[in-house]
Amino acid sequence: MTNEFTSFDREMIMQRVQMAMSEKRFLHVLGVEKTAIELAKRFGGHIEQAALAGLTHDYAKERPDEEFELVIYRDGYDLNLLKYGNAIWHGLIGADFVERELKITDQAVLQAVRLHTTGAAQMTLLDKILYVADYIEPGRDFPGVEEARKLAEVDLDAAVAFETKHTLAHLLENEQLIYPKTLETYNQWVVKPKQFKA
Ligand code: DGI
Ligand code: FE
Ligand code: FE
């Protein structure tokens, strides 16, 4: 039953998500849901999975650090994770809260939520849809967002590469701690394959 996904109680989940966050963040979530649906239509993804991933991806974003720290200790996560903060925890560990509290059993959706901030070297279509939708939803406004939206009109992988490059550049500029998966994503999606001499 874990990989079965047909329909979900959007109203119930939407209410739980809304109660868990500010109005502003909830509007972001609705924007990501809408954009994820559009990308799924455009690139042949599963529309309901895209919608559910969009709706739940930031569910845990406003939880206190202590709750994440407790789960890291209790559930046997790598203790190096403690060095990172909410930016990394809310997706990676937030997916556990989504599973337990919102009773989401679709592992593909949970994985997309887990990877939505950092990406990964290997990403499914759904993972990419959520990763990009989070970056370009209509409420986003930053230099480069229009270019990211244009790429996402035609080439999802190019949008993944653009987002990854710009996120990493921003983190470096601000001397932020880089989570290893963020680098793996960069190495896989941004760096061009080495050209071998004939
Ligand atoms: O939750 P959102 O604000 O909608 O967006 P998000 O989940 O994509 O990103 C949350 C933040 O995480 C964003 O400011 C970028 C940051 N981030 C992404 N990769 C890394 C990271 N922060 C650190 N410190 N290290 C990373 O590798
Ligand atoms: Fe997020
Ligand atoms: Fe988000």
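A cavity is here a set of points, on a 1 Å grid over the protein atoms alone, where a 1.4 Å probe fits but cannot get out, and a pocket is an open set with protein on both sides within 12 Å along at least five of seven lines; lining residues have an atom within 4 Å of a point. Grid points are joined across faces, edges and corners, and a volume is the space filled by probe spheres set on the points. The model is predicted, so local features need pLDDT of at least 70 and side-chain atom pairs count only at pLDDT 80 or more, whereas totals for chains, interfaces and linings use all residues. Residues are numbered from 1 along each chain as its sequence is written, chains are lettered from A and ligands numbered from 1 in the order in which they are written, and side-chain values use heavy atoms, with hydrogens and water left out.

The structure holds one cavity of 30 Å³ or more. The volume of the largest cavity is about 40 Å³. Its lining consists of Ala87, Ile88, Gly91, Leu92, Arg114, Thr117, Thr118, Tyr179 and Lys181. Helix α5 gives the largest share of this lining, four residues; helices (H or I, at least four residues) and strands (E, at least two) are DSSP runs, numbered from the N terminus. By class, four of the residues lining the largest cavity are nonpolar, three polar and two charged. In this scheme Ala, Val, Leu, Ile, Met, Phe, Trp, Tyr, Cys and Pro count as nonpolar, Asp, Glu, Lys and Arg as charged, and the others, Gly among them, as polar.

The largest pocket contains about 1000 Å³ of space. It is lined by 33 residues, of which Lys61, Thr117, Asp134, Arg140 and Thr167 are the closest to its centre. At least two lining residues come from each of α2 (23-43), α5 (86-92), α8 (125-136) and α10 (156-173). The largest share of the pocket lining, six residues, is supplied by α10. The lining of the largest pocket comprises 12 nonpolar, 13 polar and eight charged residues.

Ligand 1 has 16 residues around it, and Lys61, Thr117, Leu177, Tyr179 and Thr182 come nearest; a residue is taken as near a molecule or strand if one of its heavy atoms lies within 4 Å of it. In the side chain of histidine 28, an N or O atom is 3.0 Å from an oxygen atom of ligand 1. The corresponding distance is 3.1 Å for the side chain of aspartate 58, and for that of histidine 90 it is 3.1 Å. Taken alone, ligand 1 exposes 570 Å², and the protein buries 78% of that. Accessible areas come from the Shrake-Rupley method with a 1.4 Å probe; for residues, only the protein chains shown count as cover.

Two side-chain pairs form polar contacts, as described below. A polar contact is a pair of N or O atoms within 3.5 Å; within protein, one must be able to donate a hydrogen and the other to accept it, and residues adjacent in sequence count only if both atoms are side-chain atoms. Glutamine 49 is placed in helix α3 (residues 47-56), and its side chain makes a polar contact of 2.9 Å with the side chain of aspartate 106. Glutamine 49 counts as buried, at 14% relative accessibility, where buried means under 20% relative accessible area, exposed over 50% and partly exposed in between (1.4 Å probe, protein chains only). Glutamine 107, in helix α7, is partly exposed at 30%. The side chain of glutamine 107 is joined to that of glutamate 99 by a polar contact of 3.4 Å.

The loop between α8 and α9 (145-154) includes glycine 139, which is exposed at 58% relative accessibility. Glutamate 137 lies in the loop between α8 and α9 but is buried, with a relative accessible area of 5%. The C-alpha atoms of glutamate 137 and leucine 70, 67 residues apart in sequence, are 32 Å apart in space.

Most residues other than glycine have a negative phi. Lysine 103, in the loop between α6 (94-102) and α7 (107-115), has a positive phi near 60° and is exposed, with a relative accessible area of 62%. Glutamate 175 likewise has a positive phi, of about 55°. Glutamate 175 is in the loop between α10 and α11 (180-189) and is exposed, with a relative accessible area of 74%.
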